[in-house]
Amino acid sequence: MVYQITREGATPYIARATQSARWPWGWSYDRPTYCSASEHMSDTPQFLDSVVKAALAKLRADPIPLYTFALYHDHESAAVSVCADTKESSLASLRRSNNWSMRYFAQHVRDGKWEDACLFQANVGRSLSLGDFARVNVARTDLPPGVATNNSFYLAMVGAIVANQEYILELAPEREDVIFCCSGPDSEVALAWSVLADKETSMSALESVLVRLKSTLPSAAGVTEENLYKLDWAIEEVLGIGGKVITLDDGSSASLPADQRAFFDALVYFQCISGLLSTIAGDGFLSIFYNETGAGIEQTRRTLEAFGDPIAPVFEEAYQMLRAPYDIQPNTNWVTRNSGDPYEVIGDEDQKAVRETETQIEKLSVQAWARALTMYKAAR
């Protein structure tokens, strides 16, 4: 267990205590003990994945020769379900639909009404009339409270199908004949696609998490300098308390698509600056060097340097001054290894230098916070 020392005493570092703190530029915030999904961002991808998996369990128990697989959003009832069709059912539905529409098509052609005739053409593909599918509303589930049915929601529907593609295709006699589809903002079927090759569906663990974060975190329009700090809570809803995006990088960030790399960079920079400033606002700049592990401090150093932040040389100077007195080690912190007062470890002159460093960082913090906001908005 790694411990953290505050002015009230030593507490487990992993504990998340309620605290009120004042940010350097003057406004304050209250950090709650936890943030529920309904209060902030619902875990939409996980919810949709659970619906698809529940539907697959039912379809395996009562199988059909799968031809079309749809993830359906009932806009009026705010529910999601799966609809599945067979080739036989699809062709029968097409025949019924075409027999009906041809009567009107022929009439409009006889009357010389081109525009009207265009509205009643034959369907030459397959039926996407979900209500006529062989299986309708399988694993129907109400949407959790607070889920925003925006474009990200419908893209997450696509993601839920893609993630389960191979399991879905196990139900199909001819996998290459299968068509997948899902609802959109204004229609029960908005997107349709065929089987994706492995290279088209595969992604690194980091990219998978970024897709999940992108579908749950606030849009660019939803963040300002005043509420950007809440992004920390939303990220933790996905990664867990204390979760850092940078720790997920196994080297694959270098090969991320440009838009994903920009999103990754924005989150890494934000978490670095947010963590640094919240520590200063809470227990002071010096606490970084006796409360944080060497690995955590190294992450901050590398991130500030990588982004060329003006805070980087200021932080580095303090690190070089304090690394020896606090015997900074990768996997432990000073507080865990020692029982004394961390302020007595360094002399009055060094304490004065630390206070001056803290003042410098506070002056630079407004610029850093604005940059974090700009990067996040651009990446969204």
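Modeller: Let us start with the sheet, where two strands count as paired if DSSP finds at least two bridges between them, and where helices (H or I, at least four residues) and strands (E, at least two) are DSSP runs numbered from the N terminus. Here an open sheet of 5 strands has mixed pairing and the order E7-E6-E5-E8-E9. Strands E7 (135–142) and E9 (191–194) stand at its edges with a single partner strand each, so one side of each is left without a neighbour in the sheet. Neighbouring strands of this sheet are turned against each other by 15° on average, direction ignored.

Modeller: Before going further, note that this is a predicted model, in which local features need pLDDT of at least 70 and side-chain atom pairs count only at pLDDT 80 or more, whereas totals for chains, interfaces and linings use all residues. Residues are numbered from 1 along each chain as its sequence is written, and side-chain values use heavy atoms, with hydrogens and water left out.

Colleague: In which sense does E5 pair with E6, and in which sense with E8?

Modeller: E5 and E6 run antiparallel and are joined by 8 bridges, with Asp74 standing opposite Ala79 in E6. E5 and E8, by contrast, pair in the parallel sense over 4 bridges, and there Thr68 stands opposite Ile179 in E8. Strand E8 (residues 179–182) also pairs with E9, in the antiparallel sense over 4 bridges, and the bridge partner of Phe180 in E9 is Trp193.

Colleague: How many residues of E5 are buried?

Modeller: Buried means under 20% relative accessible area, exposed means over 50%, and partly exposed lies in between (1.4 Å probe, protein chains only). By that rule E5 is mostly covered, since 9 of its 9 residues are buried. In general, the side chains of a regular strand alternate between the two faces of the sheet.

Colleague: How should I check the length of a helix, and what does H4 touch?

Modeller: The expected span is 1.5 Å times one less than the number of residues. H4 (residues 151–163) has 13 residues and reaches 18 Å from its first C-alpha to its last, close to the 18 Å expected. For H1 (residues 44–61), 18 residues should span 26 Å, and the end C-alpha atoms are 26 Å apart, which agrees.

Modeller: For packing, contact means heavy atoms within 4.5 Å, and axes are lines fitted to C-alpha atoms, for helices over the stretch in contact, with angles running from 0 to 180 degrees between N-to-C directions. H4 lies across E5, E6, E8 and E9, running at about 150° to E5. The buried residues of H4, including Phe153, Met157 and Ile161, pack against H1, E5, E6, helix H5 (165–169), E8 and E9.

Colleague: Which residues have the most contacts inside the largest nonpolar core?

Modeller: A nonpolar core is a set of buried Ala, Val, Leu, Ile, Met, Phe, Trp, Tyr and Cys residues joined through side-chain atoms within 4.5 Å. The largest one has 54 residues, and those with the most contacts inside it are Leu210, Leu213, Leu217, Leu267, Phe285, Phe289 and Phe315. H9 gives the most to this core, with 12 residues. Leaving aside neighbours within four places in sequence, Phe289 is in contact with residues including Ile297, Phe315, Tyr319 and Trp334. A second, separate core of 34 residues includes Phe47, Leu48, Met157 and Phe180.

Colleague: Is Leu277 buried or exposed?

Modeller: Leu277, found in helix H9, counts as buried because its relative accessibility is 0%. Leu277 and Trp369 are 92 residues apart in sequence and 9.2 Å apart in space, C-alpha to C-alpha.
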